[in-house]
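Trainee: I'm new to this one. Could we go through it together, one question at a time?

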Amino acid sequence: MASTPSGGFSAESFSTDVPNRLDRLPWSRFHWLVVVALGVTWVLDGLEVTLVGSLAGAIRESPSLRLTETQVGLTASAYLLGAVSGALFFGWLTDRLGRKKLFTLTVLVYLVATIATGFSWDFWSFAVFRFFTGAGIGGEYSAVNSAIQELIPARRRGTTDLAVNGTFWGGAAAGAASSLILLDPAVIDPEIGWRLAFGVGGALSLSVLLLRRYIPESPRWLMTHGRKAEAEKIVGDIEEWVAREKGPLPPVEGTPIRIDPRRHTTLGEVATTLFRTYPQRAVLGIVLMACQAFCYNAVFFTYALVLTRFYGISSAHIGWFMLPFALGNLAGPLTLGHFFDSVGRRVMITGTYALAGVLMAVTGYAFAQGWLSAWEQTAAWTVIFFFASAAASAAYLTVGESFPLEMRAMGIALFYAFGTLVGGVVGPALFGVLIEGGERTNIMWGYLLGAALMLIAAATEWKLGFAAEGKSLEDVARPLSQAAE
């Protein structure tokens with residue numbers, strides 16, 4: 001399955017049971033390969049974000065870069081701008097050219113850019129390399145999310161998607177742990193250490209690039225693009241692989257669908273589908289993504305400032321407080337993920353958003369009153385984001401499931417870009433101002449705003465949420481190429 005035949009486009013309509021054949025497969029080593037080879041995207045993003053936060057002091061003090069605090073902030077903006085641009089550009093290409101080509105290209109962009117960052121010689125080189133690193137990660141989100149959802153059986157889609165998205169925090173934990181070693185002067189010169197740190201992600205992505213050679217193109221994407229023979233061959237190869245491990249496969253259930261193939265979907269069709277065909281789902285996606293992004297980025301990106309300013313924690317020890325925070329975030333989706341398939345999306349998304357919002361409000365008040373030590377504050381955030389992490393991962397699951405296959409990558413890219421801009425710009429900027437003021441009460445109001453947004457998201461999900469658990473993607477959102485019955 002390292003390569004697939006180059007079937008050509010056929011404009012003739014045809015019936016296919018490709019989705020039903022994929023959804024009835026038992027879980028196997030093939031699905032683990034998909035999860036590991038594609039899901040590492042979130043590990044890389046968590047690693048990048050945490051590393052840069054932990055390395056900020058060493059980068060600022062680097063004798064070769066000589067960055068000011070403003071320039072350090074601008075490089076973070078460059079990464080953010082790259083992520084948004086990459087998501088939109090590569091998301092558009094993913095729907096046009098296929099999942100496999102793009103999840104190979106995007107990891108290559110990331111690999112080259114993050115290694116190049118370690119060789120930066122001034123502010124501009126560092127900012128440019130950070131931009132392209134972000135572009136690779138942003139492109140990964142749309143290409144990889146699409147491929148995972150289209151290859152994983154329907155009954156396990158929620159569990160898998162939440163677990164994969166939650167591994168962002170595995171990368172964050174790795175970044176926090178590695179910074180404790182690479183910035184220790186007793187171990188290595190910090191000027192060399194921060195440069196080597198960027199090689200960690202490069203080395204990991206190189207191994208992933210080799211694994212991805214064995215991931216096929218999405219048969220669902222091929223199906224809608226008129227490449228029926230190629231789609232069925234790939235499904236046959238997957239079935240053969242699974243049968244060798246699991247024995248005879250379950251019978252295929254459900255009715256075949258009829259496809260009128262298309263080469264691509266225009267941006268006009270994307271807009272029409274979003275705001276005319278599925279306006280409630282578009283509103284739901286915007287609210288879920290924006291609210292979780294604000295809370296996450298506002299708290300996570302400024303927590304080091306809170307620890308140093310209000311608790312007197314030295315920057316060299318910040319990693320010890322970030323580790324439990326990251327591990328709690330990782331545990332949430334892994335522990336709660338299967339309930340999103342068994343109990344259901346609407347109940348679980350509403351519950352996790354609401355619980356995180358209530359706990360955030362209580363913690364914000366306790367912080368303002370000075371009741372919590374640094375470790376108690378960290379323990380509180382660890383519990384809160386145990387639930388908030390599952391909620392945030394479910395937001396990505398929702399926007400991926402909500403819209404037709406032909407525009408899935410672009411839909412994911414649009415909502416990711418919007419959430420990233422809101423969370424990456426508004427949240428940290430607001431909290432930065434509040435923290436600089438030095439008043440605990442003002443920061444409490446920021447936490448209460450975040451709590452209110454999470455509760456608004458919970459109410460929106462309860463009102464507009466829809467049942468997708470256990471359903472084929474084609475039943476959740478009818479493909480644009482599916483012929484009228």
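Trainee: Is Glu 245 buried, partly exposed or exposed?
Mentor: Keep in mind that this is a predicted model. Buried means under 20% relative accessible area and exposed means over 50%. Glu 245 has a relative accessible area of 26%, so the residue counts as partly exposed.

Trainee: Which residue forms a salt bridge with Glu 245?
Mentor: The closest N and O atoms of this pair are 4.0 Å apart. Glu 245 sits in helix 10, while the partner belongs to helix 2, 216 residues apart.

Trainee: Are Glu 401 and Arg 345 buried or exposed?
Mentor: These two side chains meet in a salt bridge of 2.5 Å, N to O. The pair links helix 17, which holds Glu 401, with helix 16, which holds Arg 345. Glu 401 has a relative accessible area of 2%. Arg 345 is also at 2%, and because buried means under 20%, both are buried.

Trainee: Which residues do salt bridges with shared partners join into one network?
Mentor: Good one to finish on! The structure holds 16 salt bridges. Those that share partners join Asp 95, Arg 99, Glu 150 and Arg 408.

How values were computed: Residues numbered from 1 in each chain as written. Predicted model: local features only at pLDDT ≥ 70, side-chain atom pairs only at ≥ 80, totals over all residues. Heavy atoms only, no water. Helix = DSSP H or I, 4+ residues; strand = E, 2+ residues; numbered from the N terminus. Buried < 20%, exposed > 50% of the residue type's maximum accessible area, 1.4 Å probe, protein only.
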